[in-house]
Structures are given as C-alpha cells and as structure tokens.
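Visitor: I would like a close look at one part of this model, the place where the two chains meet. Please take me through it slowly, and then through what lies around it.

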Amino acid sequence: MKNNGNGKKVLNFLGNNSVPILFILICIVCIPVSGFSPSYLINEIVTRMGRNIFLILCLLIPIMAGMGLNFGMTLGAMAAELALILVSDWQIWGIPGVVLAMILSIPFSILLGALCGKILNMAKGREMITSYIISFFMNGVYQLIVLYMMGPIIPIKHTTVKLPRGYGIRNSVDLFHMRQCLDNLMAVRIGGVKVPVLTFLLIGLLCLFIIWFRKTKLGQDMRAVGQDMDVARDAGINVERTRIISIVMSTVLAGFGMVIYLQNMGNIATYSSHSQIGMFCIAALLVGGASVDKASIGNVFLGVILFHTMFIVAPKAGAIITGDSMIGEYFRVFVSYAVITIALIMYETKKRKARSRAGQQLQLAQQEEEAAANE
Amino acid sequence: MNETLDKSNLNFRERVSEFVAGFGLPRLIIAAFLLLLFIAAPFVGADFWTQISNTINRFSWNAVMVLAMVPMIHSGCGLNFGLPLGIISGLLGATLSIELGFTGPMSFVMAIVIATPFAVILGAGYGWLLNKIKGGEMMIATYVGFSSVSFMCMMWLLLPYKSPTMVWGLAGKGLRTTISLEGFYDKVLAKILQIHIGNLSIPTGTLLFFALLAFGMWAFLHSKTGTAMTAVGSNPTFARAAGVNVDKMRLLSVILSTWLAAIGILVYEQGFGFVQLYMAPFYMALPAVSAILIGGATVNKATIPNVIIGTFLFQGIVTMTPTVMNSMIHMDMSEVIRVVVSQGMILYALTRKTEATK
C-alpha cells in the first residue's frame, strides 16, 4: 500500500516535471557528443546566465497576475533599444551610459506597458495571443520611429549611428565603449571561469525585490486577481488597474534586462534584437518547469541553465551526429517552439479538467440538495 | 421648414454613423486609403492599369489561403493561426510531385492529389488537439504552426529527395530554399483564358479556380453538415442539445481548413513561380488572418464576401503602397504600413468587447 503511494508520488513528480527532465536527458546525451570542454561550457553558461536571467525574471509578475506569459515583454526590449540608440548618439559611454540608458528606458517602457495593459484589459481571456500580436504591431511602430523619424524629427547627430541617406538608424549600432562594462566592473575569475559579479548582484537584487513584492499589498492583490477576477473585484480590488500595473512593471523590468543583455552583446541589431527575445526568454522559463499560471525564481535559474546548455551544444552535436551543421541549428529552434507549444497545451488541458471537475462538484451538490428536498 | 431640414440632416447623419458602425471604422479607413492610392497613382506616374492588374494578380495568388480561414471561424475554433501546418502539407505535395517526375500541368494536379492525404492526416491530428483545448485555440494554433515549420526545416534537409532541380547542387542532398517551378506548374492556372487588354492582364484561370472553391465552400456551408457546423460555432450547447456531435464538426472544419491551406499555397506558388521552403511559411498565417478581418469577418463570423473584399483590400494596399508612396515622398514606407495595418486589424478584432466572451 505504502509502496503504491510512493510509486504514485514518483509518477506525479515525473509528470509535473516532464519538461525539465526531458531537457536534462537531451543535455546528458548532447554534452559528450559535442566534445566541448567543461571549462568552456561553464564559462558560456555563466555568461548567458548574466545576460538573460534579468530579462526572464520580468515574466514572473504578469504570471502572478494571471495574465499568462507576457509575449509583450518585447515592448520593454524596444524601449531599451530606443534608449540605447539615443545614449550612444550622445556619446555617453561606460557605466554612466548604461545607467542613463536604463533611466531613459523607463518613460518609454511605462508608456508602452500602459498601452499594452489597456489593450489586454479589452481582451480578457485571450491575453497571450493579444500580447503576441501587440508585439508585432509595436514592431511596426518601432520601425516607423527608428527608420523614418530618427533624423528629421528626433535629432541624431553621429554618422556611426545614422544611415548614410540622412535619416534612420543603421542595421547595427555598435556599443563598443559600453561592451560588457557592467560585467567587467567587479568580475571575478574562479578557476578560469569569469563571473560577472555586479550583474549577478543586480539579478539578486531583483530576486529579492520579487520576493518582497509578493508580500506587499499590491502583490497580494495581483495574486488575488490572478486567482479569480470576479472574486477580486468583489473584494474591492481595482482589477483593471492592478493588471495594467503588472504589465507596466514587467515592461520596465524587461527594459532594464534588455540594457544588460545588449551591453553584454556589445552591439544592437536595430531591427531584429528584440524580435526573438520574447520567444527565447519564454522558452527558457518553461524549460525550467514553469507553467502558464505558476512560475518561481527557481524555475528561471534552472531554465536558463538547461535551455542554454542545449542551445550551446545542439548545433555541434547535431553536426557530429548527422554530418550537417544546419540540422542542430534548426533543432534548437524547433525545441524552443515545441517546449512553448507543449506548455501551452498542458496548461489548457489542466484548466479544462479543473473546470469540468468544478462542474461535477456543482452537479453533485445540486443532486444532494434535491435529494434532501425530496425527503 | 427649418425643422424638417434639421430632421433630414439628422437622419442623414444617423444613417452615416449607422453605416460606419456596421461596416467598421478601421475597414472604412483602409478602404478610403486604398481608394486614395488608386486616385493618386496616375498623378505620381504609376500606370493605373498595371497597378490594377498587379492587385488582381496578387488577389488570385492569396485568395484561397484566406478562404481557408472560413471553416474554422464558422465552427467556433477562431482564427486559424495554424495555417502553416496546411501550407506544409501543400509543400510536401509540391516537392513530392516534382520528385516523382511529373511536369507541366500534370505536376499541379498531382501536387494537389499528394497534398490531400497529408492535409487530412495533419489536419485530423491538429483538430483532435484543438478539441482537447477548447477556449485556448488561437495561441496554441500559432505555436503548432511554428513548431511544425521548424520541424520541417530539419526534414527538408534529411528527407531523401533526389531530383536535381530541387536539391543543393554541390551536396546532392537537402532541398534548396527556393525551387523554381519553370517547366512544372509555373502560371499553369493563370495562363488558362488569360485576358490581355493593353496594360491590363487578368489571370482568369486562377480566378475561376478560386471561384470554384469559394462556391464549393458556400454550397457546403448551406448544406446540412455546413449548417450544423455554423450552429456549433454560434452556440455549442444548443448544437449539442440538437444532437450535433460538436467535436466531430470542429474536427471536420479543421481538416477542411488545413486542406484549403494546402491548396492555397499551391495556387500561390503557381502564381509566384517558386516553391519557398524552410522558414518561408513561418509568418504566412498573419497576412491571411488580417485579410479576412479587413474584409469584415470577426473572430466568430465570416462569409465568402468577407474573403473577397478582404483579400482585395489587403493585397491592394500591399501592391499599391510601394509604388505610390515611393514616388510621392521618396521613402519606402510600405513595409511599415503593411505591418501596422495588418497587425492593427488583428488587434482590433481581438479586442472587440462583444466577441471577447469565452
């Protein structure tokens, strides 16, 4: 009997964590095949953790408010890129440049986030697809601003940033003087592995902030809204406002995260840096075992490590196994999309099951009531 | 005297606002914008009839893929963001038809024949999945499309295609990213009964082919099964009470939509002249979705006129903006306008309060 219970527990554990377990298996198979040295791998993963974790953490707040995966985090990334383009045109370099870019991204992020939140309030129940389309729509507006308005309307001076035709921004903006300045400031080398301490400190601060925020009144309100909007409204919570705030916070944090990401990369791909970022961050979070309605800081860390290990080793392993380097390249793209698809399917089936269970309970209660009335 | 004038004035204004409300403001703006482009075209030196034929041409390429949206909207599955899945069946049909050595018009027929079982099988799986996750169709459809496209990216490299017209010349394996259809079914429909008057040319065959499919769809929607499908879409509980098998209807609509998408991409290819593989089908759902929405469809209601009007307006803007805008302000803003118009339209449809119940 007890054994049976244990078996069930194990099965439950496997079922609930199937995605991370699958990824651990992929990594176990691919790491030896790829033939990368451990020190190289650890170095790469630590770099990518510093680069990505801040961005992924921003997804936690909308999940808390029951708005699902925020595909609109791209908006924050766009805000950060706008800020960085302006800062690099003003030729403010190094740490002051990074800090200024972060500060400058805040108003853009708040504006975009508030707009996104307003639209999402008009599309309750289909937030994810709407936020996904918003990111496409805003990409169009972003192009309009960067490609046509920067120059004639928003003054841009330097030819290193501006296109030769006199308006618009180059395809790639160099952040050479800003490159890894945050990462290098307090970097520590531990056995050949460079650890960007300052970046990790910032990430730690954000984690603490999120833990603290969950306990505040606003955080509690958000969780209540995420549980049940109607109940929250009856309890006197301004549901619409709470939801907008959660999206604005997520967008602002995504802006900071994108500045950190880009200072690590060292250049901005003006028209494409932001377009994939949402997808990769969401995939990484889901790989860590998060679901659409539940995610923790632990999921973020585990997800980044597993997802990026796969990302580093898959092309090489694919090339060795099949003899074609493109296979691994496509494989990792496929895996990112497949993970998101599976997570979405699991979430929706779970939601449906819960709904039908609630319906059954209601029916049972009704029957009992009727039986009682008949007696 | 004055009073009656006021009244008629008011009536007129009311009628206008009623018309606007019925037709939808964004649609009106888009139609007016397109009209403006057509009027402006001769003044900026673009030939009017060439523009018209371009628009009609592009209409004929895309109309079938937009038509593919109709069945799923009718059965209440929402907008089919999973269109790439059907496109992949079409691509499999196209490549296998060439691989098996068919040429000329026969290759087009065979492509349709081969694509059909793929579309039915993939559509059935996809429909089964959508039945499991009622209410969350659109987001999952998007990602089913994405995963299938990226999965096929690997398959195009790994499948043992041999035909020298399709594989990479040096390696001798793995399909090329674009395959020319010259000698196969390039313009095979367009050439049937093609009309040339001066600069105006009309691909009659393609239009007739679309008309045939559109009529078939119209007839189907008015048949017993079609009516049952519409009932499932408008009120599933009522439909179930009336003895309609809801899941079966939804499954049928998804298969139909997937099959039409497969035919749609083949029609598109015969007009365009190339098969595009790998990441090309990735974002193909979005133009089709926004086209039918521009035509006046909503998330749960669509008709054949919506398809025709929508495709014409959308493709009109896509073809007209580059030429007209370029010569007017010497800036190529067409891409930005296209993105903002099409995504804006989808956003508008998703946020309409009346439809956001579910």
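Guide: In this predicted model, the contact between the chains draws 32 residues from chain B and 37 residues from chain A. On the chain B side, the elements that each give two or more residues are α6 (104–132), α7 (137–158) and α14 (334–351). Of these, α7(B) provides the largest share, 13 residues. Sorted by class, the side of chain B that touches chain A holds 21 nonpolar, seven polar and four charged residues. For the complex, the predictor reports an ipTM of 0.80 and a pTM of 0.83.

One of the helices on that side, α14(B), also has a partner within its own chain. Helix α13 of chain B, residues 304–329, has an axis that comes within 9 Å of the axis of α14(B), and the two cross at roughly 145°. The crossing of α13(B) with α14(B) is right-handed. From α13(B), the residues taking part are B:I317, B:V318, B:T321, B:P322 and B:M325, and they meet B:S334, B:I337, B:R338 and B:V341 of α14(B). By class, that contact has six nonpolar, two polar and one charged residues.

Another helix of chain B is α5, which covers residues 83–99. Its 17 residues reach 24 Å from the first C-alpha to the last, close to the 24 Å expected at 1.5 Å a residue. A residue counts as buried when 20 or more other C-beta atoms lie within 10 Å of its own. Because 15 of the 17 residues of α5(B) are buried, this helix is largely enclosed by the rest of the structure. Just after α5(B), B:G101 has a positive phi of about 90°.

On chain A, one residue can be looked at by itself. A:R241 sits in helix α12 of chain A, residues 239–265. A:R241 has 13 other C-beta atoms within 10 Å, so it is partly exposed. Along the chain, A:R241 and A:K118 are 123 residues apart, but their C-alpha atoms are separated by 9.0 Å.

The mean pLDDT of chain B is 83, and 92% of its residues reach 70 or more. Over residues 354–358 of chain B, pLDDT stays under 50, and the model has nine contacts beyond four places in sequence for that stretch. Where pLDDT is low, the predicted coordinates should not be read in detail.

Notes:
Residues numbered from 1 in each chain as written. Chains lettered and ligands numbered in written order. Predicted model: local features only at pLDDT ≥ 70, side-chain atom pairs only at ≥ 80, totals over all residues. Helix = DSSP H or I, 4+ residues; strand = E, 2+ residues; numbered from the N terminus. Expected span 1.5 Å × (residues − 1). Buried ≥ 20, exposed ≤ 12 C-beta atoms within 10 Å, placed from the backbone. pLDDT = per-residue confidence, 0-100. Contact = placed C-beta atoms within 7 Å. Nonpolar A, V, L, I, M, F, W, Y, C, P; charged D, E, K, R; others polar. Axes fitted to C-alpha atoms, helices over the stretch in contact; angles between N-to-C directions. Left-handed = near helix turned anticlockwise from the far one by under 90°.
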